[in-house]
Amino acid sequence: MSLFERQGGEQERYLQANNRKLNTMFGYPNNTIKTSRYNVFNFLPLNLFEQFQRLANAYFLVLLFLQLIPQISSLAWYTTVIPLMVVLSITAVKDAIDDMERHQNDNQVNNRSVMVLMNGRIKEDKWMNIQVGDILKLRNNQPVTADILLLSSSEPYSLTYIETAELDGETNLKVKHALPVTSNLEDNLELLSAFDGKVTCESPNNKLDKFTGILTYKGKNYILDHEKLLLRGCIIRNTDWCFGLVIYTGPDTKLMQNCGKTTFKRTHLDHLLNILVVWIFLFLGGMCFILAIGHGIWENKKGYYFQNYLPWKEYVPSSAVSAIPIFWSYFIILNTMVPISLYVSVEIIRLGNSCYINWDRKMFYAPHNSPAHARTTTLNEELGQVKYVFSDKTGTLTQNIMVFNKCSINGIVYGRVYDKKGMKVEVPEETEKVDFSYNKLADPKFSFYDETLVEAVKKGDHWVHLFFLSLSLCHTVMSEEKVEGNLVYQAQSPDEGALVTAARNFGFVFHYRTSETIAVVEMGETKVYQLLAILDFSNVRKRMSVIVRTPENRVMLFCKGADTILCQLLHPSCISLRDVTMEHLDLLGATAIEDKLQDGVPETVATLNKAQIKMWILTGDKQETAMNIAYACNIFEEEMDGIFIVEGKNDEVVLQELRSARDKMKPESLLESDPINIYLTTKPQMLRIPEEVPNGNYGLIINGYSLAYALEGNLELELLRTACMCKGVIWCRMTPLQKAQVVELVKRYKKVVTLAIGDGANDVSMIKAAHIGVGIHGQEGTQAMLNSDYAFSQFRYLQRLLLVHGRWSYNRMCKFLSYFFYKNFAFTLVHFWYAFFNGFSAQTVYDTWFITFYNLVYTSLPVLGLSLFDQDVNETWSLHFPELYKPGQHNLYFNKKEFVKCLVHGIYSSFVLFFIPMGTIYNSVRIDGKDISDYQSFSLIVQTSLLFVVTMQIALETTYWTMINHIFTWGSLIFYFCILFFLYSDDLCLMFPSVFQYLGVARNTLILPQMWLSIVLSMVLCILPVIGYQFLKPLFWPVNVDKIMDRIHYWMNPPVLPPTQTKLKHASSHRHSAYAFSHVWGFGALITSGKTLNAKRPSAKVRRSQQKEAIDLLSNG
């Protein structure tokens, strides 16, 4: 046997039970889970390393080193050190808090207790201490600690029932069974301790349904497969105890192998910011180059002849050489063009908007006691830009609870409700339910509203009795009865459970089964049917049958299946097949099982459609069921111009079907002269497919088999163009990988923001692939929620997440960025104008302390108040007018064009802020006749005018004033004057004259009328163009949003709400429903093998002891 070297990659795994010494030699990891990034020792160096990977932080670090060079430094070192330390500290604290939460989650999991066999005794130990080769004892309802090989259990034939919702999203129970050779070990600790079996198996991988290995025990080899492996993440159900041998631990388990590395998601604004920062660098370099040239020219023409008063440094031989250090001096002075506090401000804003989502009581779901949870703080503004929503069906749009709604028996439809006029109506909430009190074994949670079916049962209608008898016999459900008369069913699919429960309530109670019999309580009388054969369900047959011998010694066959299959057998077009079928079988009837929509789903979809958000359903379910849900959700409508179905079995047919659909929606899109075809031909390397407008309203349905061909390289563009022209698209029978591939396809070729929403582990790949992932906390475990960016309990909360929180976050972030860049341009570019009056000597306009505190203190709180509390309209109007969401989809509020506007606005303001103060104090004197045209007075006037201008600018931008906004905005101005008098005080300037040099400037300058004239003129000249632009823009360049805002303002004064929400179109009554079977094989082979239970029915006492906890679980769940 060849052993692998751990360092070179594990080729196969070898281990021996109860032999830690041997297993340790192979270097297998222990069972510790680690999702945290830092520890006490590496936090500081690792976090600093990660932060300096940001371009802006690295830039300021380089700037700090430049400031330490006295030949080029024109600013004190603390002007960069203090802001940089504050930014790094805030980010580090945030990262530390996030990582502490991960540590807590890790510790919670790693410190769970489990029973392990050590030295012949069962002892309790922590999960993290479990090693490969250990033998564990697991109890009912206990999660599986690691990937373990099942050895024995409390059930006959060592069967073990497990729930795998955490792995694959399926809530139905699955059955695992041990090898017969290990089943004999049972719970005998002496035999288990002596067990020394050796296992050779495959290396760790992420394939949940695959496992191969060999168990060598007592000189014999036994084949192992995935049916004998219990995976970490599963939960033991309906099994008192089981023992297992640990095969994979910790990061080697299939659950952890499937988690993979979560990629860090960045928003479109993040990518735009990186581009703009590069632009600013180039602009900054260009300005420094111009000023350096200006310095060289000035030194050559004037400075050379002025050296008696301003001598050149010894290292400056000529005017050209003197321009080099000046370049770097201005590079330091103008560094605030790249705002150091930008990134940390963005993080604070995102954190605040995330808290709003967490605190939103209207997204709290009381039945589950679960609030909405923003699991990331980096994607909030992206929520306001979503164009495509990819949704799972079962458990996301529906409740994942199957309800027996209607049935047709012998041509008579039961389950309809009529009003007093005899008109068919939908079932209102006040409708009285059918009374099943006559049946002591009825399920109290079952609801039905048509009394005529109960009357038919009581009258002994032959066809009705036969119909419910077939439902009580033709299935693979297993029953439990801990308490006399209290039955709990375990079904392979919720559909099957709903049918058996319906039969139970109408008097045909499936009681118990053995490998050879089925016991049914028919109208109070127990009858035992001999089970002769089960023809189990499969994805190919899509039906199942049972053959039984009745107590009257009559052999009968019952068959049930999907209508698409059974109707083919009875279709008139196939007379011979229909005749053969009807010669041996009687058609009893049909059932209508409803997976009820969650509350508010149709209204939510209709609202999202108004916001121009396209919604696609990606489901593993069959076409008929998904199509019915699409109609019920208003994704499809009766008035559509057409619905295309792509179901080709090869690439040629698929291509023909896609092009046929496009030919009907937009015939010119197939011509070579079509602009998009020309674009795709001429620019193959820059593929971004523009939006195409069809000539009507269409829908598209495609199954997973055809999708496999459509996703190939030469067809994927055809698929995408066809799908994007449709109002709604349904993708059926999809694998988790295909879901992710569809999302990636849209991301690759469309410049849009995508959102994926699901509730099961099979949706995780789709959730991770989308720009934004949303997890529904539903019936299918928590894997989707744990891998999501946002999580809540009901689909209807999605409209609030997008149209309220997402739109507000986007608008706030855009306002923040526009204002932030503007105020920094206005602040920094004053130095550029000043350079023309100081001989390009790199002299600063402002006091160094003002430069230090400008972004950090004076202007930080007002912009945070704007970015955290501003609302253009309240939540009611946001939801009533989804059209307000459209600007975010096209990124209209902050883009490269808006950035250039900010730059131009900043250049103009800096021009005004420099020349207006200069003009007001030029050749002016105080009342006492003393000259006031000194540098320090000019500096104070410019910086005070600047603060007044940027404060008034943010006041204009604010549309929703709160007390906090007032305090932040006007309080910052007051705080500026307080700091001003403190920094320019006599005591401080006399104590530290080299640091604080503006002695008496504040009290002497603030009393000057020229200063206040300068402030007023600066504000008027800077603010008037802004007010004029805001007034003229909706008049000359109106957009739809402006018109909607006018309507809102009209209704708000007086505040009269517009008409209520739009009526929704309901699916037509003639649409047939379809029976949705489980997508896996049933329990048929297991039942007939006799392994499910003993040959004869166990006593009630034994059944109660073996099945005690399962009823409690299901009745509570």
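## Overall composition

Of the 1117 residues in the protein chain, 54% are buried; here buried means under 20% relative accessible area, exposed means over 50%, and partly exposed lies in between, with a 1.4 Å probe and protein chains only. This is a predicted model, in which local features need pLDDT of at least 70 and side-chain atom pairs count only at pLDDT 80 or more, while totals for chains, interfaces and linings use all residues. Residues are numbered from 1 along each chain as its sequence is written, and side-chain values use heavy atoms, with hydrogens and water left out.

The secondary structure of the chain comes to 41 helices and 34 strands. Both are DSSP runs numbered from the N terminus, with helices (H or I) of at least four residues and strands (E) of at least two. Among contacts (heavy atoms within 4.5 Å) between residues at least 6 apart in sequence, 73% join residues at least 24 apart.

## The annotated position Asp-392

An unreviewed UniProt entry places the feature "active site" at Asp-392. UniProt positions follow the numbering used here, feature names are shortened, and annotations may be inferred rather than shown by experiment. Asp-392 lies in the loop between strand S15 (386–391) and strand S16 (398–409).

With a relative accessible area of 5%, Asp-392 is buried. The side chains of Asp-392 and Thr-396 are joined by a polar contact of 3.5 Å. A polar contact is a pair of N or O atoms within 3.5 Å; within protein, one must be able to donate a hydrogen and the other to accept it, and residues adjacent in sequence count only if both atoms are side-chain atoms.

Helix H14 (residues 494–505) has twelve residues and reaches 16 Å from its first C-alpha to its last, close to the 16 Å expected at 1.5 Å a residue; the expected span is 1.5 Å times one less than the number of residues. Because eleven of its twelve residues are buried, H14 is largely enclosed by the rest of the structure. The buried residues include Asp-495, Glu-496 and Arg-504. After H14 comes Gly-507, whose phi is positive, near 105 degrees.

Helix H34 (residues 963–983) contains Ser-972, which is buried at 7% relative accessibility. A polar atom of the Ser-972 side chain lies 2.6 Å from the backbone oxygen of Phe-968. Residues up to four places away in sequence not being counted, Ser-972 touches Tyr-858, Leu-861, Pro-862 and Ile-967.

## Strand pairing and loops

Strands S2 (residues 113–118) and S3 (residues 121–126) pair in the antiparallel sense over six bridges, pairing being assigned if DSSP finds at least two bridges between two strands. Ser-113 has Lys-126 in S3 as its bridge partner. Two residues stand between the strands of this hairpin, in which Asn-119 takes a positive phi near 55 degrees.

Met-523, although not a glycine, has a positive phi of about 50 degrees. Met-523 lies in the loop between strand S23 (517–522) and strand S24 (525–535) and is partly exposed, with a relative accessible area of 39%. Asn-553 is likewise not a glycine and has a positive phi of about 70 degrees. Asn-553 occupies the loop between strand S25 (543–549) and strand S26 (555–561) and is exposed at 53%.

## Cysteines

The structure holds zero disulfides, a disulfide being a pair of cysteine sulfur atoms within 2.5 Å. Cys-288 is buried at 0% relative accessibility, and Cys-814 is buried with a relative accessible area of 1%.
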